[in-house]
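Hi,

Here is the model I promised to send over. Have a look at it first, and then read on for what I found.

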Amino acid sequence: MAAKDSPLKQFEIDPISNIELGGYNISFTNSSLAMLITVLVITLFLTLTVNTRSIIPSRMQLISELMYNFIAQLLSDTVGDNGKRYFPFVFSLFMFVLIGNMVGMVPYQFTFTSHIIVTFALAAVVFIGVTILGFINHGIKFFTFFYIPGVPFYMHPLLIPIEVISYLSRPISLSVRLFANMLAGHTLLKVFAGFVVSMPFFTGVFPLAFIVALTGLEILIAFLQAYVFAILTCLYINDAYHLH
Amino acid sequence: MPQLNPEFFVSQLFWLAVFFTFLLVFLWRVSLPRIATVLEKRQNKIDENLSSAKELQEQAMEIEKKINDQINKAKLETDEKIKETINALQQDVSSHLSSLDKDLEKKVSDAEKEILKSKDNQMKNINNEIANITKLTVGKITDIELSDNEINKVIESHKGTFN
């Protein structure tokens with residue numbers, strides 16, 4: 001589909017080993033490899049750095065603790081005490097997206113968060129989970145979530161559909177935000193990398209300098225998008241507890 | 001766009017489910033409890049140290065209070081002692097003074113007596129001398145022999161005049 005030197009070529013999936021299960025193609029691909037690396041990095045880092053369990057932490061242990069406290073603080077700020085039981089999920093989600101983005105920043109590495117199907121799956125888990133949680137907590141009353149109190153009655157026919165649509169578009173906005181950011185950033189890097197090669201003489205230095213700056217920005221975005229993904233998840237969980 | 005190619009959707013979802021589930025379970029069961037234990041341990045240690053610091057502070061305050069009490073007590077005692085000493089000294093001084101006064105008075109009165117006595121003696125001597133002189137003078141000038149009694153009578157009668 002994409003031309004040989006297209007900036008989108010980096011998003012193509014190449015199977016490493018072909019596997020088929022029940023008629024479905026579940027080949028282990030470069031995307032799966034990036035996920036495996038991500039999971040390995042997270043689990044090994046969080047396990048090995050805290051291995052000594054020392055009261056006065058080493059620098060590496062401190063990083064793990066900072067991440068732990070960062071998400072714990074985020075969750076308790078947005079959801080409160082109810083949020084504690086969702087901590088492992090939100091933490092895993094944050095780390096998976098963050099390290100996935102960071103692994104993608106390594107040259108020649110695949111960025112699985114730049115695939116809409118992956119981000120949509122993650123967002124769908126959040127959306128379905130939160131909706132189920134809302135029904136568990138409030139039962140049928142959960143539908144009053146779409147009813148905004150303190151608004152003139154004639155506005156409701158307009159507002160309730162808007163609320164429903166905005167609720168249903170949550171997984172789409174959540175997944176597209178991450179996917180589009182990653183897609184745009186990596187495409188831009190690739191386009192400028194093309195300039196470095198194609199521009200005559202030393203002028204290739206300019207796009208190269210731009211790439212350096214852009215890489216810093218992309219690392220920032222990688223963190224920021226993981227943070228946004230985590231905080232929106234927290235807010236949705238909070239909505240499932242407190243309807244208004 | 002390769003993202004919209006459904007060829008590997010199932011594969012992506014399958015491996016995502018596998019790896020994310022593994023990550024979630026592993027972090028939930030292994031990594032996070034470890035970090036939580038460390039943080040809890042540290043918090044306990046900090047609380048312990050804080051409480052022991054508080055205890056020590058209380059003890060220090062108690063000791064300080066004791067010291068202050070003792071200083072106050074010592075001050076009161078010294079004040080008392082100083083007062084007592086001053087009183088004793090004053091009494092001593094006044095008794096000394098009064099005894100000195102007595103001595104002085106006695107000495108003065110003794111001296112007065114002495115003076116009076118010597119005055120009397122001197123007066124007697126003077127009278128005798130006068131009598132002798134008179135007797136001699138009268139004897140030389142005239143031939144009248146005056147008796148001592150007569151002379152003394154005259155002297156007695158003029159006593160006030162040549163004193």
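Leu46(A) sits in helix H1 of chain A. Keep in mind that this is a predicted model. Leu46(A) counts as buried because it has 23 C-beta neighbours inside 10 Å, the cut-off for that label being 20 or more. Apart from neighbours within four places in sequence, Leu46(A) is in contact with Ser64(A), Leu27(B) and Ser31(B). Ser76(A), on the other hand, is 30 residues from Leu46(A) in sequence and 21 Å from it in space, going by the C-alpha atoms.

Ser64(A) brings us to helix H2 of chain A, where it is one of the buried residues. H2(A) runs over residues 59-78, 20 residues in total, and spans 29 Å from its first C-alpha to its last, close to the 28 Å expected at 1.5 Å a residue. Besides Ser64(A), the buried residues of H2(A) are Gln61(A), Tyr68(A), Ile71(A), Leu74(A) and Leu75(A). They are on the same side of H2(A), because the arc they cover around the axis is only 165°. In general, residues three or four places apart point the same way, since an α-helix has 3.6 residues a turn.

What covers those buried residues? From chain A, the cover includes helices H1 (30-48), H3 (87-105) and H7 (205-241), and from chain B it includes helix H1 (9-141). The face of H2(A) turned away from the buried side carries exposed residues: Arg59(A), Leu62(A), Leu66(A), Asn69(A), Gln73(A) and Asp77(A). After the helix comes Gly80(A), with a positive phi near 90°.

Now for the partner chain. Between the two chains, 36 residues of chain A are in contact with 32 residues of chain B. Sorted by class, chain B's side of this comprises 22 nonpolar, six polar and four charged residues.

Leaving out neighbours within four places in sequence, Val10(B) is in contact with Tyr24(A), Asn25(A) and Ile26(A). Asp148(B) lies 138 residues from Val10(B) along the chain, and their C-alpha atoms are 177 Å apart.

Last, the confidence scores. Chain B has an average pLDDT of 90, with 97% of the residues scoring at least 70. For the complex, the predictor gives an ipTM of 0.90 and a pTM of 0.75.

Cheers

Definitions and conventions:
Residues are numbered from 1 along each chain as its sequence is written. Chains are lettered from A and ligands numbered from 1 in the order in which they are written. This is a predicted model: local features need pLDDT of at least 70, side-chain atom pairs count only at pLDDT 80 or more; totals for chains, interfaces and linings use all residues. Helices (H or I, at least four residues) and strands (E, at least two) are DSSP runs, numbered from the N terminus. The expected span of a helix is 1.5 Å times one less than its number of residues. A residue is buried if 20 or more other C-beta atoms lie within 10 Å of its own, exposed if 12 or fewer, and partly exposed in between; C-beta atoms are placed from the backbone. The arc is that of the directions from the helix axis to the C-beta atoms. Two residues are in contact if their C-beta atoms, placed from the backbone, lie within 7 Å. Ala, Val, Leu, Ile, Met, Phe, Trp, Tyr, Cys and Pro count as nonpolar, Asp, Glu, Lys and Arg as charged, and the others, Gly among them, as polar. pLDDT is the predictor's confidence in each residue, from 0 to 100.
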